[in-house]
Structures are given as structure tokens and as C-alpha cells.
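Subject: Structure handover

Hello,

Please find the structure below. My notes follow it, and you can read them next to the coordinates.

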Amino acid sequence: MKKIILIPLLLLIIHSFAQSRKTENIILITLDGMRWQEVFTGADSAIIANKKYTPDSADVVEMFWNKDVKERRKKVFPFFWSVIEKNGSLYGNRNLGNFVNNANPYWFSYPGYNEILTGYPDTAVNSNDKIYNKNENVLEFINKQKGYNGKVAAFATWDVIPYIINDKRNGIYVNADSDSLQFNNSALKLINEWQFLSPRPLGVRPDVITYFMAREYLKAYKPKVLYISFDETDDFAHGGMYEQYLRTANREDAMIADLWNTIQSMPEYKNKTTMIITTDHGRGDKIKDQWRDHGTKVLDASGIWFAVIGPDTTPLGEVKTSGQLYQKQYAATIAALLGLKFNPQHTIGEVIAPVLK
Ligand SMILES: [Zn+2]
């Protein structure tokens, strides 16, 4: 008698567990070399006061300064510190003992993107050269699953991203830097013309073009997994142009808000999409001038952050508990949000459990 009751009960539990996961789509967004310091504490007064990095400080003060840290960070990232804070979670405020780090020992772009996408902080991945990545990544893993084939796409400003994803091997649609858009869609045709007529002050197409391509592609082709890889924050930081670095971060926050609002109006995405936003590496801080740089020689440049918002993530807002997470954990977490287990040849970091609670 007991057995008869137990089996239906067990089935009910299994069923309700499977039903409880709502994510059907993933949007992953990266802001290259965006420091955790600005994400959690806003504009830095010492860098603003330095004429070398901020020649027109009055402008920056007016736009981004407030003596209250919560107001200040909101001036750079208004969407992060309203909608994501309320409905999602933000990890990596080191001032509160909440740590997120690169697990790879290099703290620059290719090793960081490799770690994000493959879950494997491979020590053999140690240059930014255009080398096709040997490691299996979570995008191609998902693309191989039933219902996802041809439904995974990436748009990037940096032209090394296709090599990191290895689109040649897996056939994922990756559009990067000056890749022509070949779609029979009026918005995408216009954006394609725009990218070739646009100046390239940083030597790559502006991030806003990458963004519009991704948004219009999403509207037209409804990918289930979309990766958008921005680049400008890193370039402006290397150039020591603090105002432009902040302005870019602020515009990228606005693009993320625009994308979030766009998907809320689409039945394919509304309440079925988890968005994860992060960075490939951190930058320096304490030692003079090192905010511009990153890499092994720069103290604390492995300190990163991530934000997550979606129907399966209990909103924690700014995560204030002490803890240590790593970039190598994103890949398994992305798969798990879709109810999949990413199980490549290499070792990977474990699922970030609170993101699925
Ligand atoms: Zn860099």
C-alpha cells in the first residue's frame, strides 16, 4: 500500500521539479575589461581628479558624481541599479567580501572569454592571437541539443571572438567586427550599410552597431541563445580616457535595458529568458595608473563581477554575503538554466547554485 502511494508522489515531485524551470532562452552579454569598482561604487574620485585621465572633470562630475555611493553607481549603471537590483542579482562587490575571479592565471581577453564559454581555465590558452579554440564551448554544446540547432548566435565587436567560439568547427552564426550581414531583412540591411560607412575610432566597429545587429537579428530570427560581446570599455581604459570609459559603460547599460525591454514585448522571450552580464577580466586599482591595465603584472586584475536576471533566479539584489565564485562556473550554469548538463572532455567549474534557486 505504501509503495502505491509513494510512486505517484515521487512522479509528482519529479514532474513539478522539471516544470519549475522556466528559462528557455539565454542572453549572455560581456563588457570587455569593465571594472567591478565602477559597477559597485560608480565613478572613482581619484581618477576624476587626475587631469591626465579626466581633462574636463566638471563634465564628468555633473554626469556621474554623487557623494552617496548608491546614487553614484546608479549614475553609470541605472538599469543595473534599478531593474536588475530589484529583479536579479549582482555578484562581485569585493568591499562586502563577495568575490568573483578569473580562475585562469592570465587576466586578459582570450583566456577570459575561453573561460566564460568553455568553463575551463585552460593554461594553454595564453595569447590573444587568432587561433581557433580547441576547447568545446557551451554555445556549441547547446547548439547540438534537440530544439536548439541553428538557434545559437553571437555578435561581437572584437574580431577574435569567432576564433574563441570556433565558428569554423561548429557552424554557429558569429558576426564580428567587419563581417558583412547577409540577411534579407530591411533593418539588418540598413545596419550593414551603417557599419561600413561608420568611422572606426577604436579600430573596430562601434559597440552600438554590434548591439543593433544583435537586437534586430533577435527580433527577426528569435535565437534561443544569444551572445553579445562588447569591447569599447577596454579600449577607452587602455587609452586612459576615463570620461569615455564611463560614458561607454553608461550607454551599454542603456543597450542592455533596451534589449530587456524589447524581449519583454515578445512572447517567445517574456518570462522565459535569463540574461547574464559579465566581463572577461578586471583591471588594476590601488597602484597608481594601473586602472588602465590588466594582465598578470597588474595587482587584483582577476577581480570580476556578474549580474543575472531571469525567471529561475531568486532576486538577491546586490549580493552581500561573503563568498568566492569563478568565471569558470558560468558555462555549467548557462547549460543548467536550460535544463542541460554541459559535460565536455575538459574539467569545468560547477554550477552556481543560487542562480537556479
Ligand atoms: Zn585589454
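Predicted model: local features only at pLDDT ≥ 70, side-chain atom pairs only at ≥ 80, totals over all residues.

Residues are numbered from 1 along each chain as its sequence is written.

On terms, helices (H or I, at least four residues) and strands (E, at least two) are DSSP runs numbered from the N terminus. Two strands pair if DSSP finds at least two bridges between them.

Eight-stranded sheet

An open sheet of eight strands runs in the order S5-S4-S6-S1-S7-S9-S2-S10, and its pairing is mixed. Its edge strands, S5 (173–176) and S10 (317–318), each pair on one side only.

Strand S2 (residues 88–91) is parallel to S10, and two bridges join them. Within S10, Gly317 stands opposite Ser89. S2 is antiparallel to S9, with four bridges between the two. The bridge partner of Tyr91 in S9 is Phe306.

Gly88 and Leu90 point one way from S2, Ser89 and Tyr91 point the other way, and all are buried. Here a residue is buried if 20 or more other C-beta atoms lie within 10 Å of its own, exposed if 12 or fewer, and partly exposed in between, with C-beta atoms placed from the backbone.

Helix H6 (residues 80–87) lies across S2, S9 (306–309) and S10, and runs at about 110 degrees to S2. Axes are lines fitted to C-alpha atoms, for helices over the stretch in contact, and angles run from 0 to 180 degrees between N-to-C directions. Two residues are in contact if their C-beta atoms, placed from the backbone, lie within 7 Å.

Three-stranded sheet

A second open sheet, of three strands, has the order S8-S3-S11 and mixed pairing. S8 (303–304) and S11 (323–326) are the edge strands, each pairing on one side only. S3 and S11 run parallel and are joined by four bridges. Asn98 stands opposite Gly323 in S11.

Helix pair H11 and H12

The axes of H11 (residues 186–197) and H12 (residues 207–221) come within 9 Å and cross at roughly 165 degrees. The two helices are therefore roughly antiparallel to each other (under 35 degrees counts as roughly parallel, over 145 as roughly antiparallel, 65 to 115 as roughly perpendicular and the rest as oblique). The crossing of H11 and H12 is left-handed, meaning that the near helix is turned anticlockwise from the far one by less than a right angle; clockwise would be right-handed.

The contact is made by Ala187, Leu188, Ile191, Trp194 and Gln195 of H11 and by Ile209, Phe212, Met213, Glu216, Tyr217 and Ala220 of H12. By class, this contact has nine nonpolar, one polar and one charged residues (Ala, Val, Leu, Ile, Met, Phe, Trp, Tyr, Cys and Pro count as nonpolar, Asp, Glu, Lys and Arg as charged, and the others, Gly among them, as polar).

Positive phi

Trp107, a residue other than glycine, has a positive phi near 65 degrees. Trp107 sits in the loop between S3 (98–101) and helix H7 (109–118), and is buried, with 26 other C-beta atoms within 10 Å.

Asn271, also a residue other than glycine, has a positive phi near 60 degrees. Asn271 lies in the loop between H14 (242–264) and S7 (273–278), and counts as exposed, with 12 C-beta neighbours inside 10 Å.

Regards
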